Amino acid sequence: MPKTEKELMSFDEFDECRNPPPAETDFSQIVDRVVSRRSFLGASVAFGASAFVMGTTALRPAPASAAPSRLAFKQVATNTLDTVTVPEGYSWHIAAKWGDPMWSNSIPFDEETRGTGISQELSFGDNNDGMAMFADGDRNILAVNNEYTNRSIIHGNRESGLAENADDVRKSKAAHGVSIIEVEQKDGRWSIVVDSPYNRRITADTPMEITGPARGHDLLKTAADPSGTTVLGTYNNCGNGKTPWGTYLTCEENFNGYYASSDPDNKPSDALSRYGVGNEDWGYNWWKYDDRFDISKTPNEPNRHGYIVEIDPMNPTSTPKKRTALGRFKHENAAVALAADGRVVVYLGDDERGEFLYKFISEGKYAAGGNNSDLLEAGTLYVAKFSDDGKGEWVALTPASTGMASQAEICIHTRIAASAVGATTMDRPEWVACNPNRVEAYCSLTNNKNRGVKPNAGGDATPVNGPNPREKNLFGQVVRWLPAGGDHASDNFEWDLFVTAGNPVVHTGPEAGSSNVNADNMFNSPDGLGFDTTGLLWIQTDGNYKNKDGFAGQGNNQMLVGDPDTGEIKRFLVGPKECEITGITWSADRKTLFVGIQHPGEKGGSHYPAGGSSVPRSTVIAITRDDNELIG
Ligand code: FEO
Ligand code: CA
Ligand code: CA
C-alpha cells in the first residue's frame, strides 16, 4: 500500500483493510436477522422531524414546553475556519501544545525538525486526548493522554514522512503516552509550570507493572520479561478515567497498529488477528529498531498491551500499573462510579466496529481516606446484552460462562470471551460518562458503516438492533442506561437513545437523526463525553468534516452540550480544520473548562494554532467566561 494512502487511513480503516472478517460467516443468517429486526424497529422507532426524541423507550417524561433552557449561551454556528470558535461571552487560549518544554533543560519546539528524541522526552506529547485535573492544595496537576502521532507531521522533516532512523523512533515513542503537567493561571491565562516537581512524561518505554488475573500468565511472557509481570510502555492512550481515590486511568486503544513482522511468512495467531495485529504496522517503523514490536520475534508482546493503566499523578516516581482485571481490548475510556455498597464500577467501551460494551465491578469496596490502591486488581468483568424492548443485562465473563480455561485468559482474550456469551455487537463504543446527579450512564456509539453489512473481526453477525438501529450507520448515536434499582452494580438495566445524530437538511428518514437534532445543532460521530457538576452532558465529535454531501452544513468537528432531562442539544464550540475535539476536564473552581484539540491538519490542510505556514500542533485549550462565572 502506498505510504500516503496509509497515512490518510483512520485506524479502523487500516484494521479493516488488513484484517477482513472471516469469509466463512453465514451471510444468509445475517440477512434473516437483519430483516426480522428491521420489522421490529419499524414498529417501535421513528426518526426525523416527527420522531420521538428518545428512541425505543422514553426513560424521561417529556419536559413542559415552558421549561426554561438550561443551556444559557448563544449557539455557535458551524464553520470551516482554521481556529477555535466559542460562544459570545466566552474566551479561549492555549494552555499546552505538542512540543512545549516541561523542563528548562528541554529545547523549544523546532518548526524545521519538529523535535528530536531528547527534546520530545522533555516536552508535552503529541495528539493529546483524554485528560483529568487533580488538585494538591491550590496546585493544579493535569494528566493528559498523548494518543498517537500523524507520521507525516512529526516526521515532516523526512522525505518519506516516516521515522527513518533510531532517533526518529525515539522521538515517536516519546511523543506517545501521558504528559503530567502542573499548570497555573497568571493574568487569566493558563500555562505549564516548567520544572514543576509534578511534571512527568510516561512514554512507550516507561517501566510498568502488570497486575490482576493475567499477571504472570504464559501469554504475557517474553524474553525480556520471562515472569510476565513487568512491561515497558503504554501507547495509543485514548480516553481516560479518574478514580475517587485520586488516580488517573489511561486507556490503551489501537495498540495493534505498532506491530509488524520482519518475516513476511509469519502467521499471526487467530487471537492476534482478532485484535487486528498483523505483519504490517500503521507506519510507525518501531519494529525496525526495537524487537518488542516485531511479532515474528516477540509474538507475546501485543498481549501485554490493550489494558487500562492506573497512574498516581501526585507521585512522579510511582510505577504505573496495568490492570488486566479490566480486560484487554481497544479501550476507549474508563468511566468510574460507585455501587450502592461501595464497590467500584468501571464502564468500558471497545472502539471497533461491532465490538462490545463492558463493565467491571471490583471485589473490594471503596473507603474514603482508606487504602484503595488495589481496588482495580480483582473483580468481575461483564459485557452488555441489549434487548430490543428497552431492557438489557450484564453477563459476567467467567470460565463457566465463556468456556475459556481461566480468568487470566478471559482478561487477555476478552473479545473472544464476549463473543462466546453472545454480547451485543455495537456501533464502535467510544466514551462512557456517568451522570453525577443520578444513577445513569451514557455511551457514544460513534458510527459503523458495517452495521447490517458484515460481521465483526470475530465473525459475530452485526444485524441492526435496538441501540444500533441504522444500517451502514454514518452519523452515530448516544445510548444511555438506567441500572435497575438505581445501583450501578445491578445485573439489569433499561436503555434508550439520547440522540441519534444525522443531517435533517440533506436527509429524510433515519439519516435525518432524532427530533432533538435540527438544522442548527446537527453533527456527526459523537465520541468524547463528559458530565459537568450541574448534570449537563458535553459531547465531542470525531467525525466527517468534509462539509458536503450527507455531511453538508456540519463543518469542522465540534463540541455540544446536551440536557439529559429535555434532550435539548446546542453547539458550544467548533474546532479548526481537520481536527477532532477530544478530552475534557475542569479547574477545581469550575471557572475554566479544558478541552483537547487533536490532530489539526491530519490531511495537510491546517496551520492551527500559529497560522501562516507553521506546523499544525495539537493543543489543550482553556475556556473561560468573560464575566468570570462558573462554566459547568
Ligand atoms: Fe481514540 Fe476511539 O478514539
Ligand atoms: Ca475517541
Ligand atoms: Ca473516534
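**Calcium pair and its strands**

Glu 430 bridges the calcium ion (ligand 2) and the calcium ion (ligand 3), which lie 3.8 Å apart. The pair ties together distant parts of the chain: Glu 332 sits in strand β13 (residues 331–338) and Glu 430 in strand β18 (residues 429–434), 98 residues apart. Strands here are DSSP runs of E of at least two residues, helices runs of H or I of at least four, numbered from the N terminus.

This is a predicted model, in which local features need pLDDT of at least 70 and side-chain atom pairs pLDDT 80 or more, while totals for chains, interfaces and linings use all residues. Residues are numbered from 1 along each chain, chains are lettered from A and ligands numbered from 1 as written, and side-chain values use heavy atoms without hydrogens or water.

**Calcium site**
- Glu 332 (OE), Glu 430 (OE), Asp 527 (OD) and Asp 527 (OD) coordinate the calcium ion (ligand 2) at 2.3 to 2.9 Å.
- Donors are N, O and S atoms within 2.8 Å of the metal (3.2 Å for Na, K and Ca); water is not among the atoms, so sites may look incomplete.
- Along the chain, the donor spacing is E-x97-E-x96-D.

**Strand β13**
- Both Glu 332 and Glu 430 are buried (under 20% relative accessible area, 1.4 Å probe, protein chains only).
- In β13, 7 of the 8 residues are buried, so the rest of the structure largely encloses it.
- β13 pairs antiparallel with strand β14 (residues 343–350) over 6 bridges; pairing takes at least two DSSP bridges.
- Ala 335 stands opposite Tyr 347 in β14.

**Whole chain**
- The chain holds 10 helices and 28 strands.
- Of its 632 residues, 61% count as buried.

Note on methods:
Buried means under 20% relative accessible area, exposed over 50%, partly exposed in between (1.4 Å probe, protein chains only).
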